[in-house]
Amino acid sequence: MMCKLRTQWFWILLILLILSVPALAQPGDVVYIIPIEGNIDPALASFVERIYDEAEEADAARVILEIDTYGGYIDAAILINERALRSSVPTTSFVTKKAISAGALITLSGEKIFMAPGTTIGAAEPRLGDQKADEKVVSMWSQKLRAAAETYGRDGNIAAAMADADIEIEGLKAKGKLLTLTQQQALELKMADFSAANRQEVLNLSNLSDSRVVVAEAISAENLARWVTNPYISPILLTIGFAGIILELLTVGWGVSGLLGLTSLGLYFGGHFIAGFTGWESILLFIIGIILMLVEIFVVPGFGIAGVAGLGAMIFSIILTATSLEQAIISLIIALLGTVVLVVISFKYMRTRRLWNRLILGTRQEKSEGYVAPEENLSELLGAQGISLTPLRPSGTAEINGKRIDVVTEGGFIPRDTEVQVVQVEGTRVVVRMSR
């Protein structure tokens with residue numbers, strides 16, 4: 001009897017223990033929200049890649065892309081589009097304000113597309129600076145939009161017309177114009193599926209109102225990378241970097257300018273590295289360039305092979321690191337001009353090292369100190385004969401008409417105690433050659 005009673009208590013306690021354990025998360029309980037805001041760049045693409053990986057590991061029910069952007073780099077948008085399409089977790093796109101340019105492709109990555117009232121999508125023509133991209137880029141990009149739309153049964157021609165002004169759609173878009181759709185137009189043309197005012201409506205219409213929502217946030221490194229790679233910030237960092245290093249080499253101080261310079265360059269290269277624009281090779285190349293420039297300044301003064309190679313290595317490393325060749329050129333020009341201005345201003349208020357005196361003649365001969373311009377007329381020496389008192393390499397001293405005269409040759413070397421003849425006189429400049 002006691003044995004039977006103990007068995008009953010065992011099963012009761014086991015059932016109570018099981019009931020007291022919190023239910024394990026079931027597949028599909030989690031929805032990941034990924035904000036697609038601001039400039040579309042590789043740093044954002046890396047962030048999206050990381051969140052999709054997390055969503056797949058969590059066996060999430062869905063990823064929702066909340067989109068508000070004027071666009072950005074098309075290669076970054078393509079990376080986001082491809083990551084969404086190959087994910088095992090289905091994607092929903094929710095345009096909260098606007099999905100312009102590269103944002104249009106990201107929006108079309110969604111299996112379902114929601115748009116808030118008053119939102120727009122389109123105007124996706126690829127551009128290089130202020131100019132339209134060449135035909136090859138336009139063709140590639142418009143077809144990418146077409147393919148993304150057709151993946152989920154949407155009209156590919158409408159999507160392509162957002163990027164290619166040559167596409168004409170009767171009653172909707174004239175040739176030579178780019179297509180941008182309002183929320184109402186997108187719904188009527190079935191380029192969007194639902195209207196939703198906010199995230200909760202998207203969840204309700206997707207039968208996910210009871211799901212746990214995880215709003216993805218970028219880590220500090222990702223935020224830093226997006227800030228550094230901004231086309232307005234990069235030239236400033238390069239300017240501070242170059243100016244700081246130059247001022248550290250040429251002015252007397254305790255290292256503030258050098259520290260700022262190295263920090264700025266570290267941010268520039270580090271941010272682009274994190275964003276995926278570059279690898280270790282460009283950073284190593286820049287360091288080699290700095291070393292060669294230092295060798296040129298301190299070891300073999302002049303401007304020879306080391307200096308040219310160092311300058312070339314630094315420029316090439318910046319081109320490799322930049323988001324595009326155009327951005328690299330713009331950044332280099334701004335950095336060069338900014339560096340010159342900062343260095344010139346700094347030299348008016350900062351004490352320079354002796355090294356600067358080796359590069360620039362800074363000595364001034366003031367009249368108050370007894371320096372006066374010679375007034376002697378030497379034109380009567382033209383054609384006169386004399387003898388070199390010192391070697392002429394090409395300048396030196398010669399005795400002409402019984403006077404010691406500072407002379408120069410026409411470019412060649414004349415040994416000491418050699419007969420010379422004056423062939424040209426320009427003010428106080430007397431040019432001689434060996435007598436024949």
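**Before you start**

This is a predicted model, where local features need pLDDT of at least 70, side-chain atom pairs count only at pLDDT 80 or more, and totals for chains, interfaces and linings use all residues. Residues are numbered from 1 along each chain as its sequence is written, and side-chain values use heavy atoms, with hydrogens and water left out.

**Whole chain**

Show the cartoon. The protein chain holds 15 helices and 15 strands. Both are DSSP runs numbered from the N terminus: helices are H or I with at least four residues, strands are E with at least two. Of the 436 residues, 41% are buried. Buried means under 20% relative accessible area, exposed means over 50%, and partly exposed is in between (1.4 Å probe, protein chains only). Now take the contacts in the chain with a separation of 6 or more: 61% of them join residues 24 or more positions apart. A contact means heavy atoms within 4.5 Å. Switch to surface. The chain exposes about 24,600 Å², and carbon and sulfur atoms supply 59% of that area. Accessible areas come from the Shrake-Rupley method with a 1.4 Å probe; for residues, only the protein chains shown count as cover.

**Stop 1: helix H3**

Select residues 74–86, which form helix H3. Its 13 residues should span 18 Å at 1.5 Å a residue, and the end C-alpha atoms are 18 Å apart, which agrees. The expected span is 1.5 Å times one less than the number of residues. Which residues of H3 are buried? They are Ala-76, Ala-77, Ile-78, Ile-80, Asn-81, Arg-83 and Ala-84. Their cover includes strand S1 (30–40), helix H2 (42–57) and strand S3 (91–100). Helices H4 (102–107) and H5 (135–151) are also among the covering elements.

**Stop 2: Asp-41**

Asp-41 lies in the loop between S1 and H2. Why does Asp-41 count as buried? Because its relative accessible area is 3%. Leaving aside neighbours within four places in sequence, Asp-41 contacts Tyr-73, Ala-76, Arg-226 and Thr-229.

**Stop 3: Asp-193**

Select Asp-193, in the loop between helix H7 (183–188) and strand S9 (194–195). Asp-193 is partly exposed, at 32% relative accessibility. Beyond neighbours within four places in sequence, the contacts of Asp-193 are Glu-111, Lys-112, Ile-113, Arg-154 and Leu-187.

**Stop 4: helices H10 and H11**

Select 234–250 (H10) and 256–275 (H11); each supplies at least two residues of a nonpolar patch. The patch is made of Ile-236, Ile-240, Val-256 and Leu-260, with about 310 Å² of accessible area together. Ile-236, in H10, is partly exposed at 46%. Now pick Ser-264 in H11. Ser-264 is buried, at 6% relative accessibility. Not counting residues up to four places away in sequence, Ser-264 touches Leu-237, Ile-240 and Gly-241.

**Stop 5**

Strands pair if DSSP finds at least two bridges between them. Ile-387 has Glu-419 as its bridge partner in S14. S14 and S15 form a hairpin with 2 residues between them. Finish on Gly-427 in the turn, where phi is positive at about 65°.

Terms used: Patch = residues over 30% accessible without salt bridge, like charges linked within 9 Å, V, L, I, M, F, W, Y side chains within 5 Å. Salt bridge = Lys/Arg side-chain N within 4 Å of Asp/Glu carboxyl O.
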